[in-house]
Amino acid sequence: MRVIVIGTRGSLLAQAQTRYVVELLKENWPEAEFKVRTVQAKVGQDATAAELRQALQNRQIDIALHSMKYLPAETPGDLHLVAVTRRMEPREAFLGRSAKRLEDLPKGAVVGASTLCRKAQLLAFRSDLQVKALSGDLDDRLAALGSGDYDAIVMGAAELLRMDLHNRIDQMLSPEVILPPAGQGALGLEVRRGDDWAEELAYSLNHRPSADRVYAERAFVKALGMGLAAPAGALATVEDDGLLRLEGVVVSPDGREIIRAEIEGDASEAVELGDELALDLLEQGGRELLAGVEISG
């Protein structure tokens, strides 16, 4: 029987996510054999979605495992995103050096945030904070907090939960404070088009409500026209009756301007709802707001 090779990044978090996915695949397909290949970046850093996709196109791997919040909305024509696993906690986590809540930080406190989306929403909530860039993998970010360079950091809660670091979370931030990056907390499995065996295996892990939520959020960000680096957040929920509710936000980098709206409809129209919400925000002033944003990289 053919061995299925799953490609992943080299970070400890990515490896933990991969072990989780492989165990699920083995449960569904006990007769299949799976191997993991760590895809290395060209310049000594962790692999990106582009490098995982390249390995997939080059037939070095059969399934690429992605964190959905890092996967660009545009998919190459020869690849197919076939599954989104059951989503973990999508919200943002607050970790303080001494303060246990974002509201308890003193005026002028230094908060680390790794994305423009987080930085802008933090400043919109508390303009008195100093929000500084935070980089590196999970260990690097936790070490930065421990070093005293930051009074607090904000990051995706799912990363900590996946690594069994529940105790490091001081506060779960409400979506009313920060709407997370599209797809946060979800993993995606991508295959080559025409590889029916790999597609069947991967699709067995698709969790439809999670997929609908993620597709709506990604459609929203894509329709804004600025990619994943845009100062925009989105969060969708799906009710038992199939009603999908999507909330989106666009924020100026300094947090002074914020445009927020929501939409609801049938989950089967997730992408259309994302497109419609983005158009609504753009027409409310988001187009002008985003026109002044400089996206690096």
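The largest pocket has a volume of about 1400 Å³. A pocket here is an open set of points on a 1 Å grid over the protein atoms alone, where a 1.4 Å probe fits, with protein on both sides within 12 Å along at least five of seven lines; lining residues have an atom within 4 Å of a point. Volume is the space filled by probe spheres set on the points, which are joined across faces, edges and corners. This is a predicted model, in which local features need pLDDT of at least 70 and side-chain atom pairs count only at pLDDT 80 or more, while totals for chains, interfaces and linings use all residues. Residues are numbered from 1 along each chain as its sequence is written, and side-chain values use heavy atoms, with hydrogens and water left out.

The largest pocket is lined by 50 residues, and those closest to its centre are Arg9, Lys69, Tyr70, Ser114 and Thr115. Several helices supply at least two residues each to this lining, among them H1 (12-28), H3 (116-125) and H4 (138-147); helices (H or I, at least four residues) and strands (E, at least two) are DSSP runs, numbered from the N terminus. The lining comprises 27 nonpolar, 12 polar and 11 charged residues. Ala, Val, Leu, Ile, Met, Phe, Trp, Tyr, Cys and Pro count as nonpolar, Asp, Glu, Lys and Arg as charged, and the others, Gly among them, as polar.

The second largest pocket has a volume of about 510 Å³. Of its 26 lining residues, Ala73, Leu81, Tyr215, Arg218 and Val271 are the closest to its centre. Helix H7 (208-224) gives the most to this lining, with 8 residues.

Elsewhere, 5 strands form an open sheet with mixed pairing, in the order E7-E6-E8-E5-E9; two strands pair if DSSP finds at least two bridges between them. At the edges are E7 (130-133) and E9 (171-173), each pairing on one side only. Within the sheet, E5 (residues 92-96) and E8 (residues 152-156) run antiparallel and are joined by 5 bridges. Glutamate 92 stands opposite glycine 156 in E8.

The structure also holds 1 aromatic pair. It is formed by tryptophan 29 and tryptophan 197, edge-to-face, at 5.4 Å centre to centre and 80° between the planes. Rings of Phe, Tyr and Trp (its six-membered ring) pair if their centres lie within 6.5 Å; planes under 30 degrees apart count as stacked, over 60 as edge-to-face and the rest as tilted. The two tryptophans are 168 residues apart, tryptophan 29 in the loop between H1 and strand E2 (33-38) and tryptophan 197 in helix H6 (residues 196-203).
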